Amino acid sequence: MQRLQKNYSSIDQMRNQLLQNTPKKNNSPKTDISFQEILSSTKEETVENLKFSKHANERLATRNINLSKEQMERLENGTTKAREKGIQESLVMVDNLAFIVNVKNNTVITAVGDTTDSIFTNIDGAVIS
């Protein structure tokens, strides 16, 4: 049998020496917070108010689109639903208004008031709110 450094005669002696030299882990008291609670609190902190790009603001003005408070809430709720489904670029429909929203940046990219014969590209999901 080969002897190891410091002439340990058993594995138990080696283990004890190793444990004495190993830094102690932080033994802070455990909390009973579920993963879902942590995830929910993180989402709430990161979600900001919906922003409108310069282009979207111009489209709202030129197309005489005025959002009511209730419509704005539905647009924000539609964006939240899109985020929960993992959508990156979403078409969010509110009444007869269509909005393209960059969900990751929480930004409305453009707005359309008359959706007759409209084509929407570069989206990966749609929410009708």
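Predicted model: local features only at pLDDT ≥ 70, side-chain atom pairs only at ≥ 80, totals over all residues.
A residue counts as buried here when its relative accessible area is under 20%.

## The chain as a whole

Zooming out, the protein chain has four helices and five strands. Read from the N terminus, the elements go α-α-β-α-α-β-β-β-β. The chain has 129 residues, and 26% of them count as buried.

What about contacts across the sequence? Among the contacts in the protein chain with a separation of 6 or more, 52% are between residues 24 or more positions apart.

## How the sheet is put together

The five strands make an open sheet with mixed pairing, in the order S1-S4-S3-S2-S5. Strand S1 (51-52) and strand S5 (125-128) sit at the edges with a single partner strand each, so one side of each has no neighbour in the sheet. Two helices pack on the sheet. Helix H3 (residues 54-62) touches S1, strand S3 (97-102) and strand S4 (107-112), and its direction makes about 25 degrees with that of S4. Helix H4 (residues 69-84) touches S1, S2, S3, S4 and S5, and its direction makes about 145 degrees with that of S2.

Now the pairings. S2 and S3 are antiparallel over six bridges, and Leu91 has Ile100 in S3 as its bridge partner. S3 and S4 are also antiparallel, over five bridges, with Ile100 standing opposite Thr110 in S4. S2 and S5, on the other hand, run parallel and are joined by four bridges. As for the turns, the hairpin of S2 and S3 has two residues between the strands, and Asp95 takes a positive phi near 55 degrees there. The hairpin of S3 and S4 has four residues between the strands, and in this one Asn106 takes a positive phi near 55 degrees.

Is Ser90 buried or exposed? Ser90 counts as buried, because its relative accessibility is 0%. Ser90 belongs to strand S2 (residues 89-94) and stands opposite Gly125 in S5. Beyond its neighbours within four places in sequence, Ser90 is in contact with residues including Ala82, Phe99, Val101, Ile123 and Val127.

Thr107 lies in strand S4. Thr107 also counts as buried, because its relative accessibility is 13%. Setting aside neighbours within four places in sequence, its contacts are Leu50, Lys51, Phe52, Ser53, Ile100, Val101 and Asn102.

## Nonpolar cores

The largest nonpolar core has 13 residues, and Leu50, Leu75, Phe99, Val101 and Val108 touch the most other members. H3, H4, S2, S3 and S4 each put in at least two residues. The largest share comes from S3, with three residues.

Leaving out neighbours within four places in sequence, Leu75 is in contact with Leu50, Phe52, Leu67, Val92, Val94, Phe99, Val101 and Val108. Apart from this core lies another one of five residues, among them Leu91, Met93, Ala98 and Ile100.

## Salt bridges around Arg74

How many salt bridges does the structure hold? There are two. In one, the side chains of Arg74 and Glu70 meet at 3.1 Å, N to O. Both residues lie in helix H4, four residues apart, or about one turn of the helix. Glu70 counts as partly exposed, because its relative accessibility is 43%.

In the other, Asp95 pairs with Arg74, and the closest N and O atoms are 3.0 Å apart. This pair links distant parts of the chain, as Asp95 is in the loop between S2 and S3 while Arg74 is in helix H4, 21 residues apart. Asp95 has 45% relative accessibility, so Asp95 counts as partly exposed. Through shared partners, the salt bridges join Glu70, Arg74 and Asp95 into one network.

Technical notes. Residues numbered from 1 in each chain as written. Heavy atoms only, no water. Buried < 20%, exposed > 50% of the residue type's maximum accessible area, 1.4 Å probe, protein only. Contact = heavy atoms within 4.5 Å. Pairing = 2+ DSSP bridges. Axes fitted to C-alpha atoms, helices over the stretch in contact; angles between N-to-C directions. Core = buried A, V, L, I, M, F, W, Y, C linked by side-chain atoms within 4.5 Å. Salt bridge = Lys/Arg side-chain N within 4 Å of Asp/Glu carboxyl O.
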